[in-house]
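The sequence and the structure come before the discussion.

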Amino acid sequence: MQPERIQDLPQFRQLLDQMDQLETFQEALPILQPFLEKMNINPNEFEPIFAELMELKRQATEIAQVPDRFNTLFSERGWTIFELMNHEVAKDAISIAEKGDFDEAERVLVRYFNVDTIQFLLNRMKNIKSFQPRSTLARKALTDYEEERYHACVPVVLALLDGLVNELHEKRRGFFSEEADLEAWDSVSAHSSGLQELAFLMRKSRQKTSTEPISIPYRNGILHGMDLGYDNQLVAAKTWSALFSVHDWASKAEKGLLEKTDEKPQEPSLADVIKKRQELDELNAQLEAWTPRKIKLGENIPITEEPEAYETGSPERSLVEFLLFWKKRNYGNMAKYASRSPIHKHKGLPARFKDHYSTKTLQSFEFTLIDDQAAAVTEIETVLNYEEYGQNKSQPFVFRMIYENIDGETLVRSTEGGNWIIYNWS
């Protein structure tokens with residue numbers, strides 16, 4: 001049985017318990033001092049730790065309380081907090097809503113769900129195997145969102161959300177089914193106050209045709225043609241939020257980890273938790289600070305050249321290296337430019353590259369457009385000139401480059417330890 005509050009989940013309880021243990025040790029230090037001195041331990045060595053204790057405890061308590069406060073304020077409005085949501089954005093929205101200005105609080109959340117944020121979160125979703133065949137439609141829905149075609153974006157994302165849950169649910173129930181259990185052990189978004197409440201709200205019956213603008217993505221009203229006023233950014237942003245809120249449940253479902261296990265997981269240290277939070281804050285800061293490059297093909301970036309002519313670590317240099325390996329029929333090295341994600345790893349990858357490329361002999365290439373779409377994504381439009389079955393051909397192709405680490409996790413392009421992979425090599 002889940003705790004009633006998110007802050008009582010094991011991941012938070014362990015953190016707060018560690019803080020309490022440190023505080024208890026601090027209070028007992030005067031009594032322990034003689035014993036520590038006998039063991040040649042200088043009690044003064046603990047002073048720097050205790051000096052930071054109150055601030056760390058404040059941070060830990062805040063981290064644990066934010067999810068409950070967020071859901072209490074926003075669940076009836078169609079928002080639920082999820083593991084990858086920006087902590088500072090959630091705090092800002094809570095602060096504004098607690099002052100009574102819910103409209104401004106929702107505007108803060110809508111601004112958060114911009115194209116770069118959605119692109120980044122979609123790249124994180126690809127680690128769920130069942131989402132892979134849905135990613136193409138998701139990217140098309142994002143294009144509609146960017147172009148403010150919310151009428152087209154919303155139904156697609158609702159369908160992707162429903163289908164993803166249906167595929168992973170043990171009883172084959174979709175997100176909007178009354179029989180779908182959307183809880184997972186020790187999960188923020190899949191807590192009883194999260195996904196379950198969100199699904200209940202979004203599947204409400206809508207039996208009367210209305211042209212009035214709505215603010216909740218009512219699935220039945222939208223897909224059955226009753227709520228005709230869903231074509232707005234607020235509804236679209238909430239629909240994306242619902243999709244990303246399923247990430248943790250889907251990941252656990254795929255791994256068979258929805259229920260509590262008898263095995264006691266290794267407890268993260270206080271340092272681990274604070275470090276993770278700092279990493280997330282740094283990542284969010286990098287995402288907010290990122291801007292696309294000002295590219296002028298033929299001026300600051302060559303149209304076609306050897307790899308050395310392109311900046312080290314750039315997506316265009318990685319693509320040129322890949323194309324030259326294709327020219328040399330070096331399928332083993334070509335395979336290194338596929339995703340490092342575990343779901344893509346297998347020994348037969350070079351053979352797949354050979355099957356796909358061996359009938360085509362690359363002769364030359366040209367870049368026609370380089371588009372930095374997000375902090376970890378660049379699309380490069382090319383013209384490929386190649387020979388196939390004795391005929392010379394020229395074909396345009398758009399390579400989608402994504403910046404990943406060795407485990408297939410998406411990184412901001414300025415982060416060390418990443419490589420540019422070709423998402424759509426096949």
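The model is predicted, and a search of the whole structure finds 23 aromatic pairs in it. A pair of aromatic rings is described by the distance of the centres and the angle of the planes, and two of the pairs are set out in these terms in the table.

| Pair | Distance of centres | Angle of planes | Class |
|---|---|---|---|
| Trp 240 and Phe 244 | 6.0 Å | 15° | stacked |
| Trp 326 and Tyr 357 | 4.8 Å | 70° | edge-to-face |

Trp 240 and Phe 244 both belong to helix H10 (residues 233–245), where they are 4 residues apart and therefore separated by about one helical turn; both residues are buried. The planes of their rings stand at 15°, so the pair counts as stacked, the cut-off for that class being under 30 degrees.

Trp 326 and Tyr 357, by contrast, come from two helices, H13 (residues 315–327) and H15 (residues 349–357), so that their pair ties together parts that are 31 residues apart in sequence. Trp 326 is buried, with a relative accessible area of 4%, and Tyr 357 is likewise buried, at 5% relative accessibility. Both residues take part in a cluster linked by ring pairs, which also includes Phe 322, Phe 325, Tyr 337, Phe 353, Tyr 386, Phe 397, Phe 399 and Trp 425. A ring also meets a charge in this model: the charged end of Arg 206 sits over the ring of Tyr 218, at 3.9 Å from its centre.

Helix H11 (residues 247–255) has 7 of its 9 residues buried, so it is largely enclosed by the rest of the structure. The buried residues are His 247, Asp 248, Trp 249, Ala 250, Ser 251, Lys 252 and Ala 253, and the buried residues of H11 pack against helix H5 (115–125), helix H7 (150–168), helix H8 (195–202) and H10. Gly 256, whose phi is positive and near 70°, follows H11.

The open sheet is formed by 4 strands in the order E1-E2-E3-E4, with antiparallel pairing. Strand E1 (360–374) and strand E4 (419–422) stand at the edges with a single partner strand each, so one side of each is left without a neighbour in the sheet. From one strand to the next, the twist averages 30°. Strand E2 (residues 377–388) and strand E3 (residues 391–404) pair in the antiparallel sense over 12 bridges, and Asn 385 stands opposite Ser 394 in E3. Helix H5 packs on the sheet, where it touches E1, E2 and E3, and its direction makes about 125° with that of E1.

Note on methods:
Residues numbered from 1 in each chain as written. Predicted model: local features only at pLDDT ≥ 70, side-chain atom pairs only at ≥ 80, totals over all residues. Heavy atoms only, no water. Phe/Tyr/Trp six-rings, centres within 6.5 Å; stacked < 30°, edge-to-face > 60°. Buried < 20%, exposed > 50% of the residue type's maximum accessible area, 1.4 Å probe, protein only. Lys NZ or Arg CZ within 6 Å of the ring centre and 35° of its normal. Contact = heavy atoms within 4.5 Å. Pairing = 2+ DSSP bridges. Axes fitted to C-alpha atoms, helices over the stretch in contact; angles between N-to-C directions.
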